[in-house]
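Student: I've never looked at this one before. Could you walk me through it with a few questions and answers?

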Amino acid sequence: MGVNSIEDLAVFKKSHQITLDLYRLTKQFPSDEKFGLISQIKRASSSICANLIEGSHRNNRAEYRQFSGIARGSAGELKYHLLLAKDLGYISVQNYSELISEIDSISKMLYNLIQSLTPTPKTHTNSKGIK
């Protein structure tokens with residue numbers, strides 16, 4: 001089975017699911033965090049998928065790779081916001097650990113995607129075909 005669109009990629013599906021989970025989770029946060037930590041968590045999590053889609057609709061692999069890198073940066077940012085949420089007592093240590101494990105998995109998948117989009121260096125040969 002081939003990939004017909006970015007939405008078919010496992011990394012996209014996993015990132016979308018964690019975004020949905022975090023939208024639900026942040027409903028339990030204090031209301032005074034609505035424009036603070038809640039907003040940051042929602043923005044960082046949704047940015048992963050948004051950048052994957054935007055990159056896949058760009059003109060070339062280099063731009064796709066760049067946007068995949070931005071998506072990976074958003075995953076890193078999300079890790080900090082969740083650490084902060086845990087330390088403020090908004091999420092449990094167990095919930096935090098599960099979320100971080102998922103984000104680490106997503107980050108590794110993004111790294112692999114970036115590597116697959118990176119051109120391999122060409123080997124130069126002299127006029128006699130010797131490397």
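Student: Let's start with helix α1: how far apart are its end C-alpha atoms?

Tutor: Keep in mind that this is a predicted model. Helix α1 covers residues 10–25, which makes 16 residues. At 1.5 Å a residue, α1 should span 22 Å, and the model agrees, because its end C-alpha atoms are 22 Å apart.

Student: Where do the buried residues of α1 fall, seen down its axis?

Tutor: The buried residues of α1 are V11, F12, S15, I18, T19, L22 and L25. Seen down the axis of α1, they fall within an arc of 150°, so they line one face of the helix.

Student: Why would residues three or four places apart point the same way?

Tutor: Think about the turns. An α-helix has 3.6 residues a turn, so residues three or four places apart point the same way.

Student: How are α1 and α4 oriented to each other, roughly parallel or roughly antiparallel?

Tutor: Helix α4 takes in residues 93–117, and its axis comes within 10 Å of that of α1. The two axes cross at roughly 155°, and the crossing is left-handed. Angles over 145 degrees count as roughly antiparallel, so α1 and α4 are roughly antiparallel.

Student: And what about α2 and α3, roughly parallel or roughly antiparallel?

Tutor: Helix α2 is residues 37–56 and helix α3 is residues 61–87. They pack at an angle of about 165°, with their axes 8 Å apart, and α2 passes α3 in a left-handed crossing. With that angle, α2 and α3 are therefore roughly antiparallel.

Student: Is Y64 buried or exposed?

Tutor: Y64 is found in helix α3, and its C-alpha atom is 8.8 Å from that of N51, 13 residues apart along the chain. Buried means under 20% relative accessible area. Y64 has 16% relative accessibility, so it counts as buried.

Student: Last one: is K27 buried or exposed?

Tutor: K27 lies in the loop between α1 and α2. Its C-alpha atom is separated by 8.3 Å from that of I38, 11 residues apart along the chain. Because K27 has 72% relative accessibility, it counts as exposed.

Terms used: Residues are numbered from 1 along each chain as its sequence is written. This is a predicted model: local features need pLDDT of at least 70, side-chain atom pairs count only at pLDDT 80 or more; totals for chains, interfaces and linings use all residues. Side-chain values use heavy atoms; hydrogens and water are left out. Axes are lines fitted to C-alpha atoms, for helices over the stretch in contact, and angles run from 0 to 180 degrees between N-to-C directions. Helices (H or I, at least four residues) and strands (E, at least two) are DSSP runs, numbered from the N terminus. Angles under 35 degrees count as roughly parallel, over 145 as roughly antiparallel, 65 to 115 as roughly perpendicular and the rest as oblique. A crossing is left-handed if the near helix is turned anticlockwise from the far one by less than a right angle, and right-handed if clockwise. The expected span of a helix is 1.5 Å times one less than its number of residues. Buried means under 20% relative accessible area, exposed over 50%, partly exposed in between (1.4 Å probe, protein chains only). The arc is that of the directions from the helix axis to the C-beta atoms.
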